[in-house]
Each structure stands twice: as structure tokens, then as C-alpha cells.
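Thank you all for coming; I would like to walk you slowly through one structure today.

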Amino acid sequence: AVVSTQSGHYGRGEAGKISYKQIQAKISYTFQYSGVVVLQLLTPCILIVELCLILLSLHFIPSTIPQAHTKTSQIVPSINEFTSQFRSIFPLSFLKSVHGYFIWWLLSSSTAVSLLSSGYYHLATTA
């Protein structure tokens, strides 16, 4: 039986004959959004790891940097002054809570986006 070829429908044509262009179009349609999906999944993971490492490193920030007898010894006092002024403005507990909030926000927003996108995909494929 011969089925008429309609544009936009893959795999229709003569029974038992599929052209390479139809296969190529079907495969390219599958991989068209793979970069977006990978970016959507990897970016939150990378940001979560970075924020967790920053949160862990907040425990180990020294209050002063020891001075070395090198050319950078002139820079060290200014760094110590900066860290003392920074800590007087933002206490360590505040920085920990801000980083904890960023981690929570990133996890909840990536979960919400994933749920909405999977729901949209489900609705788009069943329609």
C-alpha cells in the first residue's frame, strides 16, 4: 500500500522504504536540544559544588595573613586591613547564612525548572 508523503511527518512514504533524509531528520531532531539539556543539568551541579566549597572554606579563613620577607610584604598589610574591615562589616555567621541561602535557592530553583520542563515535555509529547 502506498501512503502519501506529508511534510512534517517522519517515516511516511512508501511502505518499507525510508529515505536517509527522513532518518537524518529524526536523529537530528533528537539531538537538537541536547546542548540545552546538558547545560541545564550541569550548570546547577557545578554551582552547587562551588558554593559548597566556598561554604566549607569560610571555616578556615585566617584572620590575618602571615607576612613573608619578599616583595609582596608591602601588599600583606593592606590585605590584612581589608580582611579586618570586611569581617567588621560582614561577620562570618552572616557569610555562612548567605552562602547557605544561595545553595538552597539554587537547589530549589533547579528542581522547579526540571519539574516544569519535564511537565511541559510530557504535555508536548502527548498532544
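In H4, the residues that count as buried are Leu95, His99, Ile103, Leu106 and Ser110, where buried means under 20% relative accessible area, exposed means over 50%, and partly exposed lies in between, with a 1.4 Å probe and protein chains only. An α-helix has 3.6 residues a turn, so residues three or four places apart point the same way.

Before I go on, please keep in mind that this is a predicted model, in which local features need pLDDT of at least 70 and side-chain atom pairs count only at pLDDT 80 or more, while totals for chains, interfaces and linings use all residues. Residues are numbered from 1 along each chain as its sequence is written, and side-chain values use heavy atoms, with hydrogens and water left out.

Stepping back to the whole protein chain, we find four helices and zero strands, and the pattern along the sequence reads α-α-α-α; helices here are DSSP runs of H or I with at least four residues, strands are runs of E with at least two, and both are numbered from the N terminus. Of the 127 residues in the chain, 11% count as buried.

How does the span of H4 compare with what its 35 residues should give? The expected span is 1.5 Å times one less than the number of residues, and for H4 that comes to 51 Å, which agrees with the 51 Å between its end C-alpha atoms. Helix H2, which covers residues 34-57, has 24 residues and reaches 34 Å from its first C-alpha to its last, close to the expected 34 Å. Its buried residues are Pro44, Ile48 and Leu51, and what covers these buried residues of H2 includes H4.

There is another pair to look at here, since Val113 is found in helix H4 and counts as partly exposed at 44% relative accessibility. Val113 and Gln40 are 73 residues apart in sequence, and yet their C-alpha atoms are 8.9 Å apart in space.

Let me turn to the aromatic rings, because rings of Phe, Tyr and Trp (its six-membered ring) are said to pair if their centres lie within 6.5 Å, with planes under 30 degrees apart called stacked, over 60 edge-to-face, and the rest tilted. The structure holds three such aromatic pairs. Why is the pair of Tyr101 and Phe102 called tilted? The ring centres of Tyr101 and Phe102 are 6.3 Å apart and their planes stand at 50°, so this pair is tilted. Tyr101 also forms a tilted pair with Trp104, at 5.7 Å centre to centre and 35° between the planes. Tyr101 and Trp104 both lie in helix H4, residues 92-126, three residues apart, about one turn of the helix. Ring pairs link Tyr101, Phe102 and Trp104 into a cluster.

Finally, please find helix H3, residues 75-89, which supplies the largest share, three residues, of a nonpolar patch. Phe86 has its place in helix H3, and with a relative accessible area of 33% Phe86 is partly exposed.

Conventions: Contact = heavy atoms within 4.5 Å.
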